[in-house]
Amino acid sequence: MAEGGVPYPSVFMVDSHAAYPPLPPKPRPRGRGGVAQSLLFLLVGLALCGLAIEACFIYHLYSTQGSAESGSAGMSIQDQEDIPKEVPPTSRPNPMVLPSKPVAHLTAGPQAPHGDGVMVWDLQTLPLLHGMEYKDGKLVIQKEGYYYVYSKIFFSEVNGAFTHSVCKATPRYLGTDIELLKSRRYHTKSGEMMSTSNSYLGGVFHFFEDDSIFVKVKDVTQVRIQSSTENVFGIYMI
């Protein structure tokens, strides 16, 4: 109390830097978050189940369709096999089988042999000529190898000798023909009817490319050309 009996007012000190106590958290309603989370999981599970069911349905659908198509294709193929097929005449396969190696078979035609005795062969009757070249009565080798050569000549027997030979011309020996096979027939009888005979030659030889093989006779007037099968010349690779 102050002097003179006058009382002093009460003074309170306030600290403005003091921290305020934290506010209490707001109360949440119970059960609301758990229900939403459960509902979300349920919806996701239903979506996944729907996708799985749709995938199974599509797989089953395609499997059934594929089985039906394969079965119908098998039935159609079997039905086609049971139906007899008729090949049109224009599309029938060629019965001729192409040779696997060079080969030639020639027959004599109406043409007379050359003046030098080289036989001339007929190309108008579709001769067998594969892997070979024919030129001026000669067969030209196109592939080196071993060949069997043969020739048959039908001739008339008159006084004197008839010579039948198979010869080779090669670039390795220019200007010279090499005799490979030769047949000589003599006929000295007189006062009898003219007779006929056959001369056949055949053998195996090695030829190089561009070698020429030909048949030669000594007297071309003795060669009888009555049928294409009576005078032949051929060669084939072995």
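Tutor: Welcome! Buried means under 20% relative accessible area, exposed over 50%, and partly exposed in between (1.4 Å probe, protein chains only). This is a predicted model, where local features need pLDDT of at least 70, side-chain atom pairs count only at pLDDT 80 or more, and totals for chains, interfaces and linings use all residues. Residues are numbered from 1 along each chain as its sequence is written, and side-chain values use heavy atoms, leaving out hydrogens and water.

Student: Is Glu179 buried, partly exposed or exposed?

Tutor: The relative accessibility of Glu179 is 46%. Partly exposed covers the range between buried and exposed. Glu179 therefore counts as partly exposed.

Student: How many salt bridges does the structure hold?

Tutor: A salt bridge is a side-chain nitrogen of Lys or Arg within 4 Å of a carboxyl oxygen of Asp or Glu. Lys182 and Glu179 form one, at 3.9 Å, N to O. Arg185 and Glu157 form one at 3.4 Å, N to O. The structure's number of salt bridges is two.

Student: Which of its strands holds Glu157?

Tutor: Strands are DSSP runs (E, at least two residues), numbered from the N terminus. Arg185 lies in β7 (residues 178-187), so its pairing with Glu157 ties together parts 28 residues apart in sequence. The strand of Glu157, residues 145-157, is β5.

Note on methods:
Helix = DSSP H or I, 4+ residues; strand = E, 2+ residues; numbered from the N terminus.
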